Amino acid sequence: MKPSAETVEHDCRPVGEILHQIGGKWTVLVINTLSDGPMRFSEIKRMVGGISQKVLTATLRELEMDGFVTRTVTPSIPPRVDYELTELGRDLQRPLHALGQWAIENRSKVLEARRQYFFENPRAARPHQLVGGVPSIAAE
């Protein structure tokens with residue numbers, strides 16, 4: 001059976017693919033950190049905090065591969081490497097900022113809903129952490 005035009009238009013896989021890349025905790029933090037302009041690896045690592053060198057390297061490579069970040073090597077001793085958002089990366093900041101604002105404005109509502117859920121479902125499995133390392137209700 002051949003997919004209809006409507007099925008193709010509403011295919012969520014492309015959205016899921018992009019959200020998988022940009023939705024990671026470190027990706028969002030690195031993009032936010034680079035919003036002030038070009039930075040060296042060590043500056044990004046210091047500003048993001050809590051990220052290992054290995055994870056930051058992998059995150060920057062993925063962002064470069066997907067066109068969100070450029071990597072510029074300046075020959076010197078030691079070599080200077082700067083990372084900067086591309087136009088696509090700067091364009092991504094707008095929805096990430098909006099999502100961040102929504103999260104800040106609605107966190108208390110989400111936590112209250114979670115408290116209510118566990119009150120009504122005391123045997124429900126409790127998560128160890130919320131995404132991003134924010135303590136869960138179980139830890140509060």
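**Notes on a predicted model**

1. The model is a predicted one, in which local features need pLDDT of at least 70 and side-chain atom pairs count only at pLDDT 80 or more, while totals for chains, interfaces and linings use all residues. Residues are numbered from 1 along each chain as its sequence is written, and side-chain values use heavy atoms, with hydrogens and water left out.

2. Is E87 buried or exposed? E87 is exposed, because its relative accessible area is 66% (exposed means over 50%, buried under 20%, partly exposed in between, with a 1.4 Å probe and protein chains only). F68 lies 19 residues from E87 along the chain, and their C-alpha atoms are 7.5 Å apart.

3. Stepping back, the protein has 6 helices and 3 strands. Read from the N terminus, the order is α-α-α-β-α-α-β-β-α. Of the contacts (heavy atoms within 4.5 Å) with a separation of 6 or more, 41% join residues 24 or more positions apart.

4. Buried residues are 24% of the 140 in the protein. The largest nonpolar core has 19 residues; such a core is a set of buried Ala, Val, Leu, Ile, Met, Phe, Trp, Tyr and Cys residues joined through side-chain atoms within 4.5 Å. V30, L34, I44, L56, L60, V69 and Y83 touch the most other members. Two or more residues each come from α3 (25-33), α4 (41-48), α5 (53-65), β3 (80-85) and α6. In soluble globular proteins, nonpolar side chains tend to be buried together.

5. What does V30 contact beyond its neighbours within four places in sequence? The partners are I44, V48, L56, T59, L60 and L63.

6. G49 is in the loop between α4 and α5. With a relative accessible area of 35%, G49 counts as partly exposed. From G49 to L29 the C-alpha distance is 9.5 Å, across 20 residues of sequence.

7. Now the surface: the accessible area (Shrake-Rupley method, 1.4 Å probe) of the protein is about 10,400 Å², and 57% of this belongs to carbon and sulfur atoms. L99, W102 and V110 form a nonpolar surface patch with about 320 Å² of accessible area together. V110 is located in helix α6 (residues 87-120), and V110 is partly exposed because its relative accessibility is 42%.

Methods. Patches are made of residues with over 30% relative accessible area and no salt bridge: like charges are joined within 9 Å, nonpolar side chains (Val, Leu, Ile, Met, Phe, Trp, Tyr) within 5 Å. A salt bridge is a side-chain nitrogen of Lys or Arg within 4 Å of a carboxyl oxygen of Asp or Glu. Helices (H or I, at least four residues) and strands (E, at least two) are DSSP runs, numbered from the N terminus.
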